[in-house]
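Here is a short briefing for a first look. Please view the sequence and the model below, then read on.

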Amino acid sequence: MILDLEKAIVTKLKTLVSGTSDETKASALCDADAGFSADMVGATAFNTTDSTSAIITAFVDSGELTLASDIFVITETYRISFFNDGYVFDPDRDLDSLTR
């Protein structure tokens, strides 16, 4: 049953983009090659290097997003995902990471 629930949750998760941060800037994710867009505001940026995450609060340009917290330094990898019904779930963690 738990596996069915986890599968249902993960199927709603959509990865928008992934890559590597190319600059250290407070409360920001910078990647000149990412192609970020304003549609990403409200999605979650997962730092896949150290298993932290932050909500994207603003679009700066195609290479920079503003985050709700300071979680990235240069060379850390990331994944940006949006969960369709407003929930955020990190599939690299357990079900306790399900938040609203």
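Where is the place of T75? T75 sits in the loop between β5 and β6 (77-83). The model is predicted.

**Strand pairing around β5**
- Strand β2 covers residues 28-30, and strand β5 covers residues 64-67.
- Three bridges join β2 to β5, and the two strands run antiparallel.
- L29 faces L65, a residue of β5.
- Strand β4 spans residues 52-61 and is also antiparallel to β5, with four bridges between them.
- A58 has T66 in β5 as its bridge partner.
- The link from β4 to β5 is a hairpin through two residues.

**Background on phi**
- Most residues other than glycine have a negative phi.

- S27 has a phi near 50°, a positive value in a residue that is not glycine.
- S27 belongs to the loop between β1 (13-20) and β2.
- The relative accessible area of S27 is 25%, so S27 counts as partly exposed.
- That value falls between the cut-offs of 20% and 50%.

- T75 is not a glycine either, yet its phi is positive, at about 75°.
- Is T75 buried or exposed? T75 is exposed, because its relative accessible area is 58% and exposed means over 50%.

Definitions and conventions
Residues numbered from 1 in each chain as written. Predicted model: local features only at pLDDT ≥ 70, side-chain atom pairs only at ≥ 80, totals over all residues. Heavy atoms only, no water. Pairing = 2+ DSSP bridges. Buried < 20%, exposed > 50% of the residue type's maximum accessible area, 1.4 Å probe, protein only.
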